[in-house]
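The following paragraphs lead through a model of two protein chains, from one chain to the contact between both and then to single residues. Please keep the sequence and the coordinates at hand while reading.

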Amino acid sequence: MSQADIPEAAAAGQEGGQPQRRIGVYICHCGGNISDYVDVAAVRDALKDEPGVVVSESPVFACSDGTQHDMIDDIRAQHLDGLVVASCSPKLHQVTFRNVAKRADLNQYAYTQVNVREQDSWAHPHDLAGATEKAIGLVRAGVAKTRLSDPLEPLVIQTVPRTLVVGGGIAGLRAAIGLADVGIQAVLVEREPKLGGWVAGFGATFPNDASGAEEVAGLLEEIRQRRDITTYTNAELTGKSGTFGDYMVELTLHRDGSDKALSVNVGSIVVATGFDSYAPDDGELGYGIQGVVTLPQFKEMVDATPSGQLTHAGRRVRSIAYIYCVGSRQGAGGNEYCSKYCCTATIHASLQVGGIDSSIRQFHLYRDIRAYGTNELLYNASRDAGSTFLKFADDALPAVATLPTGGLGVTLVDVLTDSRELTIPVDLVVLVTGMVPRENRGLVGVLKLPVGSDGFFNEIHPKLRPVETVVDGVMIAGCCQSPRTVGESVAAGLAAVAQSAALLKKGFAELEPLVARVNPEKCIGGGECLTTCPYDAITSIEWDARTIASVDPATCKGCGGCVPVCGRDAIDLLGYTDQQMRAAIEEMISTSEPVKEPVS
Amino acid sequence: MSGSPNPDEYAPRILVFSTINISDPGIDLAGSRHLEYPATVQTMAVPCSSGLKPSWLIHALDSGFDGVFIASDGEECAYLPDCAERTSRIVSEAQAEMSVRGLHSQRLKMAAVCSVCAEPFAKYMREFSEALKPLGRDSSAA
């Protein structure tokens, strides 16, 4: 369409003297996440003839660079003045597509994101017709909101260049140092009496044999050298108020039997609260029998034996059986995930054992070995050093018992050796226990952290936004997210630093301009709204020789709590105006399909 | 809209008003976990449930929805400490108007849904849908 065609086309669609909007609609396949459960082509076609819709497309990935460029080209070539993308949750890509609008010189608040993944395709995987019709209604409602949108500009607030780090394990410590290095003050709180977490208790660790205790000591020394880091042990985060960029957090310091409260103003929060080790039930794979220990107990034993003989309960250990995947990969109802670090941690510990006493016979009873990446070299080294690996089936766990002759016997069916049942006499059994989420109910309540079905905290996107949460300005890092290695935890901590810097280093943050607005023509100065706002954003002003209410946009938080209070319908929340809400409701329910009659 | 694997079965249309920061993430989580509920449930997010106009709730029923569900912030609201009371007042006002117009009060429900309340939300939707079925499609029947 040439530019010369536009006025005529727009004029043809005029409604009540207003030129019709020119809206582009994009319904994303999300590579099958949506299109496997929603007939995306049917949604696209249903939207083609909606009033104001000029472009209706169904890209495979709306968020891909290529599609974003296509959208920008469409906005420019078709002179679009509104954009609607039906894809995932707005929490994931609203910013992405607002930026698309901005790059095409389209007001970002003329963009509406419609959630047809989390709230449609993923929730209705067995109802293609229902999910498709639902999508059509949702997208129509989105188009209605965009059709009635006004151009707006974001509100700007000053941000506080200080970040609260919750958790003083290796991820939290490294994050605090990173924050200080980019010029953001760090306040670190640790619930335990000491900093360092799990890693502070480790000797040599994979992949390079570096001592965990020494690494933590090095970080603590680095922290001591930085004036911009404040640490509190025996301390907890117990309250949070304010908004992203300018939070007020309440810390409770447990001091000499009494609690001391402390308020700190921070711009962002990094949660790095770590994990707990799986605690086997009594009797689970022999747990409770003398000589059956967990991986952390074994690691402590090995680290405490630099050379000479390995002993347990005063007796020399000459043979060890490691049973892998304890507390991990349990199947439905249990811990279904792989704990990821424990294969390599065990293999590494077995190499340490070989260094202590090369005569110790070591048997690794596994389901699958996941020594991924360069950890494979440790696996090879362990086998070269004489470790024996035996594989048992998922549904045939080994049995551990005390032998009549004394010592322990581990019985398994080795699927790699003609599925024969073997009983291996050993002095020590190590249950290779995985990671479980740490109990953090209080913290979850204060920060409203999203907890997944596995009990770990959920990031917004595992690949694209790996440390952000749905709570603006609150990030998660390390094993509180999922089982991972030390290196991966530190990487997440530093990602949270980068994200905090992105939020806070500009010195200001842009807030939604979606605030309340009084229609002076409708307002009669009734005053119901004046006392309803806890932020005192509404005041009386003189306007056209009348007293009416007025909302201060910088003070208004955009909750809309004043909207239903007005008896004259004189207050609108921008982005959610009376007109927009009514139109969206009507569009959502309208359908071209015949509605089935109720069963009477 | 079938909303049900059985296309012959009447599936009430439900409009959920969610809140952007609290209940909408909980509803997202229900989908992320593939916790199924009827596809006749549609969601519209607003910043805070205390900002809903009673007239919108009525308008939804007038427009063809069989039920309206407010997934409110409850005690977790970041904006208003008395959000639960405010939203309750909005529901009461709407129900008073519904009574005048002969709309069954059971067509409007409210419950606090937190940002991780995935399972409760899916359960609420299944239960609300079942509760609406005996009322039928004619929303004016008391």
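In chain B, the axes of helix 2 (residues 54-63) and helix 3 (residues 83-100) come within 8 Å of each other and cross at roughly 45 degrees. Axes here are lines fitted to C-alpha atoms, for helices over the stretch in contact, and angles run from 0 to 180 degrees between N-to-C directions. Helix 2 of chain B is therefore oblique to helix 3 of chain B; angles under 35 degrees count as roughly parallel, over 145 as roughly antiparallel, 65 to 115 as roughly perpendicular and the rest as oblique. The crossing of helix 2 and helix 3 of chain B is right-handed, a crossing being right-handed if the near helix is turned clockwise from the far one by less than a right angle, and left-handed if anticlockwise. B:Pro54, B:Leu57 and B:Ile58 of helix 2 of chain B form the contact with B:Ile90, B:Glu93, B:Ala94, B:Glu97 and B:Met98 of helix 3 of chain B. Two residues are in contact if their C-beta atoms, placed from the backbone, lie within 7 Å. By class, the residues of this contact are six nonpolar, no polar and two charged; Ala, Val, Leu, Ile, Met, Phe, Trp, Tyr, Cys and Pro count as nonpolar, Asp, Glu, Lys and Arg as charged, and the others, Gly among them, as polar.

The model is predicted, so local features need pLDDT of at least 70 and side-chain atom pairs count only at pLDDT 80 or more, whereas totals for chains, interfaces and linings use all residues. Residues are numbered from 1 along each chain as its sequence is written, and chains are lettered from A and ligands numbered from 1 in the order in which they are written.

Chain B as a whole has four helices and four strands, and from the N terminus on its elements run β-α-β-α-β-α-β-α. Helices (H or I, at least four residues) and strands (E, at least two) are DSSP runs, numbered from the N terminus. Of the 142 residues in chain B, 63% are buried; a residue is buried if 20 or more other C-beta atoms lie within 10 Å of its own, exposed if 12 or fewer, and partly exposed in between. Among contacts in chain B with a separation of 6 or more, 80% join residues 24 or more positions apart.

Chain A meets chain B through 47 of its residues, which are in contact with 48 residues of chain B. Helix 5 (117-121), helix 6 and helix 14 of chain A are the elements that give two or more residues to this side of chain A. The side of chain A that touches chain B comprises 23 nonpolar, 12 polar and 12 charged residues.

Two of these helices also pack on each other. The axes of helix 6 (residues 128-147) and helix 14 (residues 578-589) of chain A come within 7 Å and cross at roughly 155 degrees, and the two helices are therefore roughly antiparallel. Their crossing is right-handed. On helix 6 of chain A, residues including A:Gly137, A:Leu138 and A:Arg140 meet residues of helix 14 of chain A, among them A:Gln580, A:Ala583 and A:Glu587. The residues of this contact divide into eight nonpolar, two polar and three charged.

Helix 6 of chain A also belongs to what covers the buried residues of helix 2 of chain A, together with strand 1 (23-27) and strand 2 (53-57). Those buried residues of helix 2 (residues 40-48) are A:Val40, A:Val43, A:Arg44, A:Ala46 and A:Leu47. Seen down the axis of helix 2 of chain A, they fall within an arc of 165 degrees, so they line one face of the helix; the arc is that of the directions from the helix axis to the C-beta atoms.

A:Val470 lies in the loop between helix 12 (441-447) and strand 25 (474-476) of chain A. A:Val470 is buried, with 24 other C-beta atoms within 10 Å. Beyond its neighbours within four places in sequence, A:Val470 is in contact with A:Lys91, A:Pro450, A:Ile460, B:Pro25 and B:Ser115.

Some backbone details remain. Most residues other than glycine have a negative phi, and most peptide bonds are trans. The peptide bond from A:Phe206 to A:Pro207 is cis, with omega near 5 degrees. Phi of A:Asp256 is near 50 degrees, and A:Asp256 is exposed, with 6 other C-beta atoms within 10 Å.
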